[in-house]
Amino acid sequence: MDLPGKTAVITGASKGIGKAIAARLAASGVNVVLAARTQATLDQTVAEINERGSGKALGVACDVGKMEDLENLVNTTKSAFGPVDILVNNAGVTSQFAFNEQPFEEFEKLVHTNYLGYVRLIRLVINDMIERKQGAIINSVSGSTLVDPIPRDFLVYSSLKHGLRKFLKGLFWSMRDHGIKVTTLLPGVTDSDLTSSLKDITQEQSERLMDPETVVDMVMYALSVPVNACPLELAVINQQTPWTKPTIDFKQQLAK
Ligand SMILES: NC(=O)c1ccc[n+]([C@@H]2O[C@H](COP(=O)([O-])OP(=O)(O)OC[C@H]3O[C@@H](n4cnc5c(N)ncnc54)[C@H](OP(=O)(O)O)[C@@H]3O)[C@@H](O)[C@H]2O)c1
């Protein structure tokens with residue numbers, strides 16, 4: 001894709017992986033619309049990107065779990081920069097609990113943010129893309145979907161990521177007919193606020209996490225391939241982080 005002058009929406013763009021993606025796309029001349037809930041962080045990130053020049057950045061406060069916020073995000077983008085050429089679905093939250101201790105409200109939060117947020121936003125932009133016979137939809141899913149069984153304390157988080165990955169794989173094939181490219185990113189454990197909140201991660205392990213720029217490289221690769229090719233899935237996994245190995249710990253509590 002010829003990037004300068006294109007329009008991109010990036011969700012979860014005020015911090016972490018999404019911020020790094022927005023900054024690199026803007027540096028490549030793309031006009032970027034950044035979405036996240038917290039206005040102050042969003043404003044700060046938008047100002048940083050605009051200071052560097054090239055593509056313009058606009059922030060839209062948005063909870064991807066709310067339909068009206070998603071509609072406002074798409075409408076504001078169209079008014080400011082025109083139709084969406086690139087959608088980067090990235091906003092996500094983690095939830096690390098033993099299942100029997102996980103609060104019920106965590107389930108709703110995960111479904112609305114990490115699953116419905118992606119599916120609904122795609123639905124809101126897809127008909128414009130179909131009409132224009134072009135568009136790229138890039139989605140941060142998770143390397144945890146490569147682990148079977150899914151990690152012990154991430155049952156709901158990872159199973160929703162599995163469902164999302166299946167949905168996106170199906171979408172790839174149906175959108176291919178319309179000239180739209182759908183790519184799923186499966187990153188390993190990456191240095192961000194999300195990982196700094198995880199339990200059971202040592203200082204040494206946290207120093208070995210992937211840099212968000214590595215995930216940005218995946219996005220830029222997806223956008224750089226010729227028009228007649230599309231990476232369906234890209235997986236880049238930690239090479240040196242023991243914490244990510246798919247162990248099933250034995251913690252059986254026997255009846256006395
Ligand atoms: N970090 C990893 O190791 C890793 C690995 C694989 C996949 N992923 C996936 O990559 C994505 C980004 O993760 P990250 O590590 O960059 O996370 P992060 O550093 O915690 O950043 C999350 C971003 O999403 C926004 N956000 C959270 N909930 C939102 C909501 N309901 N509506 C709109 N924005 C929301 C946050 O801003 P506000 O809180 O202000 O809304 C923030 O900008 C997630 O989908 C995650 O599952 C991460």
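Me: Leaving aside its neighbours within four places in sequence, which residues is Asp85 in contact with?

Reply: Two residues are in contact if their C-beta atoms, placed from the backbone, lie within 7 Å. By that rule Asp85 is in contact with Lys6, Thr7, Ala8, Gly135 and Ala136, leaving aside its neighbours within four places in sequence. This is a predicted model, in which local features need pLDDT of at least 70 and side-chain atom pairs count only at pLDDT 80 or more, while totals for chains, interfaces and linings use all residues. Residues are numbered from 1 along each chain as its sequence is written.

Me: Where is the place of Asp85?

Reply: Helices (H or I, at least four residues) and strands (E, at least two) are DSSP runs, numbered from the N terminus. Asp85 has its place in the loop between helix H3 (67-81) and strand E4 (86-89).

Me: Does Asp85 count as buried or exposed?

Reply: A residue is buried if 20 or more other C-beta atoms lie within 10 Å of its own, exposed if 12 or fewer, and partly exposed in between. Asp85 counts as buried because it has 24 C-beta neighbours inside 10 Å.

Me: How are two packed helices described?

Reply: By the angle between their axes and the distance between the axes. Axes are lines fitted to C-alpha atoms, for helices over the stretch in contact, and angles run from 0 to 180 degrees between N-to-C directions. Here the axes of helix H1 (residues 16-27) and helix H2 (residues 39-52) come within 10 Å and cross at roughly 25°. That makes H1 roughly parallel to H2, a label for angles under 35 degrees.

Me: Which residues of H1 and H2 meet?

Reply: Lys19, Ala22, Ala23, Ala26 and Ala27 in H1 meet Thr45, Ile49 and Arg52 in H2. The residues of this contact divide into 5 nonpolar, 1 polar and 2 charged; Ala, Val, Leu, Ile, Met, Phe, Trp, Tyr, Cys and Pro count as nonpolar, Asp, Glu, Lys and Arg as charged, and the others, Gly among them, as polar.

Me: In what order do the strands form the sheet?

Reply: Two strands pair if DSSP finds at least two bridges between them. In this model 7 strands form an open sheet, in the order E3-E2-E1-E4-E5-E6-E7, with parallel pairing. Strand E3 (57-61) and strand E7 (233-236) stand at the edges with a single partner strand each, so one side of each is left without a neighbour in the sheet.

Me: How many bridges join E1 to E4?

Reply: Strand E1 (residues 7-11) is joined to E4 by 3 bridges. Val88 in E4 is the bridge partner of Ile10.

Technical notes
Angles under 35 degrees count as roughly parallel, over 145 as roughly antiparallel, 65 to 115 as roughly perpendicular and the rest as oblique.
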